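Reader: I would like to learn how to read a model like this one with care. Could we take it one feature at a time?

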Amino acid sequence: MSSSASSAPISGLAVKCPNCGAALNLSPDTIVYVCRYCGWSGFVDNQQLNVVGVSPQSVELIKDKVGKFISKQAGRDSNITEQKLIMAPFWLVLTHAHTRYNGYKRETRSRTVGTGKNARTETYEVYKPVRGVIEEDQLVSLFARRHERMFALDRAEWAVKNVKPEPFPPDLLKSLGKQAEFLSSSIDLDEANHWAQTYVSDDHRRRVEGMCTKVFDCYTDATVKSSQLTFYPLYYARFQTRGRTFRLMFDAATGKVLEAELPLTAARRATLLLTGYASSAILALVSFALQRAQAVEDSGTTALILGVAAAAIAAYTTVLATRAQRRVEG
Amino acid sequence: MTTVYACPVCGKEAEVNEGEKVVHCRYCNSDFLTMEGEERYVMPAYYNSSSCFETFMLWAKKQGGYEESMPLELHMDSATLHFYPFWVISLEGTTIFSGLGEDAEYLWPDSGAYRQIKVFLRPEQGTFERRFEFMLPATKDLPQELKGYQIPGRARKYYSLSLVAEAGGKLHGAVIDRQRAEQWAQETAKAEFSHLISREVDRLDTRKDELKPIQSYYIYVPIWNYEYSFKGKSYKAFVDASTGRVIFATYPPDLREKASYFGVAVAHIVAGAALTAGLAGAGPLLYFLPFPLGLIGAGLAYAYRSLQPTRGGENLEE
C-alpha cells in the first residue's frame, strides 16, 4: 500500500519544515511551499518566487471594510473576536467535456374533444426523445485541501473562477507571508485533474437528468486542457453582537462579502412581519375588487388562489422574521 | 515511556508501553490498536475547555428558543477532551462493463412529440473513471453525533504525544487498521460504481473494476465533549478543539418563549378561522378571504417556530 510517508529520492531542494520538522524534498520552483506532512506552507529563502494567485487589497483596507460592514449590518455594538487573512489554495482546472446522452421527456398535453355543449378538455401524455451531445469547455474550481471544508467555501470556489490569477511578485509574497495564513495544497496536479473530470461528469449527468424524465444513457468523456494552482485571498472573521457570535467571510481580492451570518434587528423583524400582513391585506383587496368589477369568470376560485398565495407569503415572512440569524451572500 | 489510551470498546484507560501495537484491555478483554509505527497525524487542540465552552454558549445564545438564564443555573457535569482517530482514504478507479441497456422507439407523432413509447433492451458497454475520498472513524466509541465530522481547513501536525498530553486530552485506541479501512474504502467505491452502472444498464453481463489507492492517512481529531445539566435535565455539546466549531449540541429550551410563540400561533389561526367563518356569511365580503388565510399562514409559521427542537450545530460548509 502506498502512503505519502514513503520518501522520494532527494533531487530538488531539501528543506526542513519549521512546523513539524519533516525533511521536505521540494522542486526548485517552490516558494510558498507545501509541507506534505503537516500541511504547513512557507517561504524558501532566497528563491525565485513564482506563486500564482490573486493578491488581496491591503489588510488595513479589508479590515476597515469588514468593520464597516459589521457595524452597518449588525450594529455598532459589535466587536470582532477573531479575524484573519487566509491565502487559500484552489485548483483551477479547465476541462473539455463531451457528453452523449439519450432519454425522453414526458409531457402532459390537453385537447378539446366533442363540439358545442359536449365539448370537454382531455389530458394525455406525450414523449419527446431527448438525445444529443454536450460539448464544451468548463472551468472547475476545487479547494486544494484533502477532505477539508470551511465556512463559505462554495462561495469562495465560485469567486476564484471569475478572476485572472497572476504570478505574485516576490515583494508582495514576502509581505503576504507575514500578514496572511498561507494554506498549502494537499492535492497534487494529477489528483486535481481527476477530481475535475469526476466533477464535470457528475455535473453533466445532473444537467441531463434535468432535461429528461428518464435517462437511458449518459456518458461523459472529460479531458483536461490546463490546470493552475491558485492562491486566493479570503478574510475570515468571527464577531459578537449583544453576546451572540456570528461568522463572516470576505473576498479579500474584491473587498466584498462572500457570505455572512448576521443578527436580525428588531426593525428588520418588524418590517418582515408587516410585509406579511400587508400582502395579505392587498391580496384581499385585489380579490374583492376583481369580484366587484366581475373581471374574472370564477371569483370564488380566484379568491381561494389569492388566499393560498397570501398564506404562503405570510408564512414565509414570518419564518424569516422569527429566525435566529440571517444569512447574506455576496 | 508510557501512553494512556482509552479502550475503544469499553472506554477504560490502559497504559501502553512505547512500541506496543496491539493492546489487550484488562477490563473488557478485547484487543485494540495503537497504530504506532503508522504515519499518524494530529489536529492540534488550539482551543482549551473554557474557550470552547464559551464558543458553545455564544452559539447557543444565538439559537432560537435559548433559555436566557442558562449561564446562571448551568452545572457542568463533565468536560473531556477526546482525540478520536480517523482514516482518510483516497482512491482512484475505473470500471469497464457491458450488458443490456434501455433505449426507446417512438410511435404516433403528435406535433414534435410522440403519443407512444416502446422501451427495448440493446447491448451497451461503457467505462467510468472516478476519484473517491472517504473518511472512516477508526474507533467504535465515536459518539453518534460526530459521524459526519469533517476535517476543517487547518494545518495538521505529525503525531506527538506532547500535543495530546499538553492539551489534557484522552487518546483513543483503534479497532480498524489500515488494511480494513482500505478494504472498506474499496468496497464503498465498488458500491458507488455499481450505482453508476445500474443507471446505464438493466442487465449486467461483464464488469471489471480496477481500484488504486492514492493515499491513506491516520489522524487524531480533538473534540471537547461536554455534559451539563440545567434545572435537573442533562444536555451535551461537542466542540471541535482545533477550530472552536460547535459540531453538535443540545440545549435547554426557553419554555416561556416557546409558549408565547405557540400562543401567538393559536391566536393567529383562531382569528383567521373566525374571520373566514364570519366572511362566509357576509355575502360579497367573502372575497376578502385572502386576508384571514394570510393570518392562518402566519400562525402556522409561528407554530413551526415554537416547535423547533433545541439541538443542532454549526455547519462547516454553509
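Author: Let us begin with contacts, where two residues are in contact if their C-beta atoms, placed from the backbone, lie within 7 Å. This is a predicted model, and among the contacts in chain B between residues at least 6 apart in sequence, 74% join residues at least 24 apart.

Reader: How is chain B divided into domains, and what is its radius of gyration?

Author: Chain B has a secondary structure of six helices and 14 strands, and it is divided into domain 1 (2-96 + 132-252) and domain 2 (257-309). The centres of these two domains of chain B, taken over C-alpha atoms, are separated by 47 Å. The radius of gyration of chain B is 29 Å, whereas a compact globule of 318 residues would have one near 20 Å. Along its principal axes, the C-alpha trace of chain B spans about 90 × 70 × 35 Å, and 37% of the 318 residues of the chain count as buried.

Reader: How do the axes of α5(A) and α6(A) cross?

Author: Two packed helices are described by the angle between their axes and the distance between the axes. Here the axes of α5(A) and α6(A) come within 8 Å and cross at roughly 175°. Because angles over 145 degrees count as roughly antiparallel, α5(A) is roughly antiparallel to α6(A). Among the residues of α5(A) that take part in the meeting of the two helices are A:Leu272, A:Leu283 and A:Leu290, and those of α6(A) include A:Leu306, A:Ile313 and A:Leu320.

Reader: Which loop holds A:Gln294, and what is its phi?

Author: Most residues other than glycine have a negative phi. A:Gln294, although not a glycine, has a positive phi of about 50°, and its place is in the loop between α5 (266-292) and α6 (299-321) of chain A. A:Gln294 counts as exposed because it has 8 C-beta neighbours inside 10 Å, and the cut-off for exposed is 12 or fewer.

Reader: Where does B:Ser111 lie, and is B:Ser111 buried or exposed?

Author: B:Ser111 lies in the loop between β6 (74-110) and β7 (113-137) of chain B, and its phi, near 25°, is a positive value in a residue other than glycine. With 6 other C-beta atoms within 10 Å, B:Ser111 is exposed.

Conventions: Residues are numbered from 1 along each chain as its sequence is written. Chains are lettered from A and ligands numbered from 1 in the order in which they are written. This is a predicted model: local features need pLDDT of at least 70, side-chain atom pairs count only at pLDDT 80 or more; totals for chains, interfaces and linings use all residues. Helices (H or I, at least four residues) and strands (E, at least two) are DSSP runs, numbered from the N terminus. A residue is buried if 20 or more other C-beta atoms lie within 10 Å of its own, exposed if 12 or fewer, and partly exposed in between; C-beta atoms are placed from the backbone. Domain bounds come from an automatic or database domain assignment. The radius of gyration is taken over C-alpha atoms; the globule rule is 2.2 Å times the number of residues to the power 0.38. Axes are lines fitted to C-alpha atoms, for helices over the stretch in contact, and angles run from 0 to 180 degrees between N-to-C directions. Angles under 35 degrees count as roughly parallel, over 145 as roughly antiparallel, 65 to 115 as roughly perpendicular and the rest as oblique.
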